[in-house]
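Please work through the following exercises with the sequence and the model at hand. Each task is followed by a solution in steps.

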Amino acid sequence: MHTTSGRWGYGLFLALLTALLWGILPIKLKQVLQVVDPVTVTWYRLLVSGGLLFAWLSAQRRLPSFGKLGRKGKGLVVVAIGGLMGNYVLYLIGLKLLSPGTAQLVVQLGPVLLLVASVFVFKERFSLGQGIGLLILLAGFGLFFNQRLEELLTSLGVYTTGVLTIILATSIWVFYALSQKQLLTVWNSQQVMMVIYLGCAALLTPWVHPLEALALSPVQGWLLLACCLNTLVAYGAFAEALAHWEASKVSATLALTPLVTFVAVAAAAWVWPDHVHAEEINGLGYVGAVTVVIGSALVALGPSLVAGWRARNARLAQVR
């Protein structure tokens with residue numbers, strides 16, 4: 001069983017770096033999507049990230065061996081490629097219809113859906129703390145969408161379509177996450193991501209328009225490159241954070257990602273008002289966003305909190 005290094009401070013730094021990179025990513029993507037279509041943007045991101053990983057693993061002579069996989073493993077690779085490709089493309093389609101903050105907040109459903117799926121697939125336990133966190137998260141969504149609940153529930157306009165597309169993207173991501181979890185028993189994380197990135201890029205190639213990138217302004221061109229590198233660096237920091245800190249605490253830290261997005265959008269709208277627009281939500285919506293983050297963190301920390309509470313009660317019982 002994997003044990004952490006105990007360098008929790010370094011693990012916290014890496015987790016916060018991941019939250020920062022994921023938090024600002026939709027703002028950059030939103031600018032690039034003004035010129036380049038979602039499929040082509042996804043193709044560039046996957047091709048650059050996968051290509052850099054291929055170069056790195058080749059230099060280290062650690063390219064993955066498909067002979068170790070077997071039929072089941074190869075099937076998992078196919079599911080993982082389809083899941084990540086669908087997630088990336090659908091997320092960008094939804095992002096074109098929504099603000100960065102709203103898109104990033106809806107993505108918080110991903111870990112919850114993964115938790116529910118893990119209960120059935122891997123027979124993992126669903127603790128009381130996680131149940132409380134889930135209820136808080138759902139209440140937070142209700143508060144966040146307070147201005148547009150009627151629109152979400154009664155019509156299929158642009159806003160509703162965007163939210164449903166992000167939910168679908170997040171649901172498909174679960175298939176990728178479950179498959180990757182199994183593949184990590186054969187390959188390391190870098191090998192898994194290289195195969196998935198390059199596999200996705202290859203499948204998307206017939207539908208991409210790479211020359212659209214020539215229409216980008218210099219700033220948008222740099223933002224596209226930043227989006228490509230963001231994928232590689234953020235996932236690398238995330239994987240390294242797990243080596244130094246408990247997974248539940250890393251996940252709870254990453255729940256801050258939507259708040260990073262909201263702060264980044266506000267700052268960008270103040271500095272570049274002609275390019276970035278501020279989030280159009282009221283005070284209750286911001287309270288809802290914070291509530292969603294708290295609920296998501298509790299879902300991640302639920303088992304640890306329950307275990308700590310039981311251990312404390314056991315010690316008290318022994319003292320008595």
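Predicted model: local features only at pLDDT ≥ 70, side-chain atom pairs only at ≥ 80, totals over all residues.

Residues are numbered from 1 along each chain as its sequence is written, and side-chain values use heavy atoms, with hydrogens and water left out.

**Exercise 1.** Determine how α2 and α9 are oriented and which residues join them.

Step 1. Helices are DSSP runs (H or I, at least four residues) numbered from the N terminus. Axes are lines fitted to C-alpha atoms over the stretch in contact, and angles run from 0 to 180 degrees between N-to-C directions. The axes of α2 (residues 38-59) and α9 come within 8 Å and cross at roughly 140°.

Step 2. Angles under 35 degrees count as roughly parallel, over 145 as roughly antiparallel, 65 to 115 as roughly perpendicular and the rest as oblique. α2 is therefore oblique to α9.

Step 3. The crossing of α2 and α9 is left-handed; this term applies if the near helix is turned anticlockwise from the far one by less than a right angle, and right-handed applies if clockwise.

Step 4. Contact means heavy atoms within 4.5 Å. On the α2 side the residues include W43, F54 and W56, and on the α9 side they include Q190, Y197 and L204. The contact of α2 with α9 has 15 nonpolar, 6 polar and no charged residues, where Ala, Val, Leu, Ile, Met, Phe, Trp, Tyr, Cys and Pro count as nonpolar, Asp, Glu, Lys and Arg as charged, and the others, Gly among them, as polar.

**Exercise 2.** Describe the packing of α3 on α9.

Step 1. The axes of α3 (residues 70-97) and α9 come within 9 Å, crossing at roughly 65°.

Step 2. The crossing of α3 and α9 is right-handed. Among the residues in contact are I81 and Y88 of α3, with I196 and L203 of α9.

Step 3. By class, this contact of α3 with α9 has 14 nonpolar, 1 polar and no charged residues.

**Exercise 3.** Describe the packing of α8 on α9.

Step 1. Helix α8 (residues 158-183) and helix α9 (residues 189-204) pack at about 135°, with axes 10 Å apart. They are therefore oblique to each other.

Step 2. α8 passes α9 in a right-handed crossing.

Step 3. Y176, Q180 and L183 of α8 meet V192, M193 and I196 of α9. This contact of α8 with α9 has 5 nonpolar, 1 polar and no charged residues.

**Exercise 4.** Which residues lie nearest the centre of the second largest pocket?

Step 1. A pocket is an open set of points on a 1 Å grid over the protein atoms alone, where a 1.4 Å probe fits, with protein on both sides within 12 Å along at least five of seven lines; lining residues have an atom within 4 Å of a point.

Step 2. The second largest pocket is lined by 21 residues, and L98, S99, A278, E279 and E280 lie nearest its centre.

Step 3. α1 gives the most to the lining of the second largest pocket, with 3 residues.

Terms used:
Helix = DSSP H or I, 4+ residues; strand = E, 2+ residues; numbered from the N terminus.
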